[in-house]
Amino acid sequence: MQPTHSSRRILLPVKMWFVFFTLFIALFLNYIPTGHLPGVPDVAALVLAFWCIREPLKIGIGTGFVLGVLTDIGVGAAMGQHAFAYVLLAYAANELSRRVLWFTPVEQALHVLPLLFMSQVVMVVVRLMTGAEFPGWWMFFGSFVGALLWIPLHYVLLLPQYQPVERDENRPI
């Protein structure tokens with residue numbers, strides 16, 4: 001069975017420092033106080049899902065737990081709220097990784113949308129169990145924005161892997 005995407009280019013192996021750097025940047029973006037702006041995606045969950053799908057043997061539920069605890073600490077959420085959601089997200093993304101990689105980035109975004117939505121639902125349920133108020137339905141809109149961001153994020157995070165191994169003096173690229 002042939003892949004549905006048009007590129008048949010073989011990617012270089014990902015450098016683990018780049019994976020952790022992108023997770024750190026995503027964590028930093030989650031720390032930016034956005035207040036109650038509707039449609040702000042959980043960037044850390046999105047990048048975690050990306051690397052769990054692309055590198056399921058290297059990034060998994062342990063990374064999701066650590067990233068979730070750091071997010072809980074940084075945003076002042078109930079301890080374990082993000083950690084629990086990110087562990088479930090990482091598990092589901094690892095399980096779906098073989099299937100999702102066969103699709104184009106647009107089709108991948110349709111597979112990632114339920115994962116991001118599930119992560120948001122888990123966080124809301126944990127928040128409600130601790131006695132907080134329901135944050136509103138607008139909170140779930142971030143999952144849809146995150147799925148839309150999957151498409152450009154896919155290309156940006158794979159850019160370092162597209163570099164040629166050997167430079168050809170006759171080709172400027």
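Author: The lining of the largest cavity is made up of 4 nonpolar, 5 polar and 1 charged residues, where Ala, Val, Leu, Ile, Met, Phe, Trp, Tyr, Cys and Pro count as nonpolar, Asp, Glu, Lys and Arg as charged, and the others, Gly among them, as polar. The model is predicted, with local features requiring pLDDT of at least 70 and side-chain atom pairs pLDDT 80 or more, while totals for chains, interfaces and linings use all residues. Residues are numbered from 1 along each chain as its sequence is written, and side-chain values use heavy atoms, without hydrogens and water.

Reader: Which residues line the largest cavity?

Author: The lining consists of Pro41, Asp42, Ala45, Leu46, Leu116, Ser119, Gln120, Gly142, Ser143 and Gly146, and lining residues have an atom within 4 Å of a point of the cavity, a set of points on a 1 Å grid where a 1.4 Å probe fits but cannot get out.

Reader: Why are H2 and H6 called oblique to each other?

Author: Helix H2 (residues 43–54) and helix H6 (residues 141–158) pack at about 55 degrees, with axes 10 Å apart; axes are lines fitted to C-alpha atoms over the stretch in contact, and angles run from 0 to 180 degrees between N-to-C directions. Angles under 35 degrees count as roughly parallel, over 145 as roughly antiparallel, 65 to 115 as roughly perpendicular and the rest as oblique, and H2 and H6 are therefore oblique. On the H2 side the contact (heavy atoms within 4.5 Å) includes Leu46, Phe50 and Trp51, and on the H6 side Gly146, Trp150 and Leu157. By class, this contact of H2 with H6 has 11 nonpolar, 2 polar and 1 charged residues.

Reader: Why are H5 and H6 oblique to each other as well?

Author: H5 and H6 pack at about 140 degrees, with axes 8 Å apart, and they are therefore oblique. Among the residues that meet are Leu116 and Gln120 in H5, and Ser143 and Gly146 in H6. The contact of H5 with H6 holds 12 nonpolar, 5 polar and no charged residues.

Reader: What makes H3 roughly antiparallel to H4?

Author: Helix H3 (residues 61–75) packs against helix H4 (residues 81–100) at an angle of about 150 degrees, their axes lying 7 Å apart. That angle makes H3 roughly antiparallel to H4. Gly64, Gly68 and Asp72 of H3 are among the residues of this contact, as are Tyr86, Ala90 and Asn94 of H4.

Methods:
Helices (H or I, at least four residues) and strands (E, at least two) are DSSP runs, numbered from the N terminus. On a 1 Å grid over the protein atoms alone, a cavity is a set of points where a 1.4 Å probe fits but cannot get out, and a pocket is an open set with protein on both sides within 12 Å along at least five of seven lines; lining residues have an atom within 4 Å of a point.
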